[in-house]
Amino acid sequence: MTAGDAPIRVCLIGAGRAGRVHANSIAWRIPGARLTAVVESVAETRSKAVADFGIGRAFADVDAALGWGQFDAVVITTPTFTHRDLAVAAAKAGKHVFVEKPMALSLAECDDMIASADKSGVVLQIGFMRRFDPEFSAAKARIAAGEIGRPMLIKSLTHGPGLPPPWARDAKLSNGMLAEVNSHDWDAVRWLMGADPARVMAEIANFKGKERGVEDPGFYDTALVSIRFADGGLGSITGVCPCDYGYDARVEIVGDKGIMQIGDIKGQAVTVVTDRETGLREPVYRTWPERFAWGYILEMEHFIDCIRTDRPPSVTGNDGRWAVASVLAATRSFQEERPVKLTEVMD
Ligand SMILES: NC(=O)c1ccc[n+]([C@@H]2O[C@H](COP(=O)([O-])OP(=O)(O)OC[C@H]3O[C@@H](n4cnc5c(N)ncnc54)[C@H](O)[C@@H]3O)[C@@H](O)[C@H]2O)c1
């Protein structure tokens, strides 16, 4: 930002878990952005966001905020089933849109979002912060530089510590754990391999749901997916949530010249030994805001910069759409107990 540039004014929609992470970046970490307004349907959550982040205007629904209209962009951090309507309304009003993953529940919803952003000529960026994490982005650059040769096999895992919020435990409102937790893996494997998934086979299991009081028959807490990519590469995605032990996101890629590992289960470079029986004790990452702290800040900085410089974002609606398609194919795979081609859900 040069002196004299007006800050980009942002309206946050949804001030829950992810909303507060982005509010923190916009309010305190990005000089070229201002957190001007918040839309939050729960009064107590809304007041807390206003107080914690010094937000000037607060609204209970998006129509009231768009009616007021004194902002340039929205950051949508509401439950997945609301993303399409909120993004389309904002884009139609000429507001740039950052929307959290999963982009939406269906490909038709993704298409509506892409079409309305295109028509209004606004930025549409999807919240795949791993692409901005210093370790993931260094890995991508080193693959592109040919350090491990042609990627042949990728393994990506995400294990989340606790149960997701109540709406996300309902498969109809969230598309389940493969969407809510593993959307990041779907995007990362496609991005790092440089190839689209062509066929998937998924298995799921539910170990802890019942004992934690989750009654939804569609709920699962453990998943394993094998992937064949369009260029012949292979991959796997695994997910566990709740895993209870911490937040864990790691990737391994084998190329024809070597192997690359991204991420570590260790959260801090601190090692403690207090007795011979226990041995080494090393802290793990406890939460996703902690593990991807820089990714969240840098992805928001990118969004603001794309608005300011009138550039397309590096993470597009099409990337979000691919992750949704992958989730739908994998869901069909475990439901019908067979491998599913991406063309079956995309055509
Ligand atoms: N990128 C990441 O790592 C990451 C992490 C967590 C969640 N997420 C995503 O962020 C989104 C929100 O998840 P969360 O865990 O923060 O959920 P949450 O339930 O903690 O928060 C959602 C908030 O939105 C509010 N809300 C719901 N409908 C609304 C509406 N129409 N208008 C205004 N406010 C509304 C709710 O009252 C709640 O405060 C989901 O898409 C989720 O997948 C992304």
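From which domains does the lining of the largest pocket draw at least three residues each? In this predicted model, local features need pLDDT of at least 70 and side-chain atom pairs count only at pLDDT 80 or more, while totals for chains, interfaces and linings use all residues. Residues are numbered from 1 along each chain as its sequence is written, and side-chain values use heavy atoms, with hydrogens and water left out.

The lining draws at least three residues from each of domain 1 (8-129 + 295-314) and domain 2 (131-291 + 323-346), the bounds coming from an automatic or database domain assignment. A pocket is here an open set of points on a 1 Å grid over the protein atoms alone, where a 1.4 Å probe fits, with protein on both sides within 12 Å along at least five of seven lines, and lining residues have an atom within 4 Å of a point. Grid points are joined across faces, edges and corners, and a volume is the space filled by probe spheres set on the points.

| Largest | about 870 Å³ | Arg17, Ala18, Pro165, Trp167, Glu180 |

The lining of the largest pocket divides into 22 nonpolar (Ala, Val, Leu, Ile, Met, Phe, Trp, Tyr, Cys and Pro), six charged (Asp, Glu, Lys and Arg) and 16 polar residues (the others, Gly among them).
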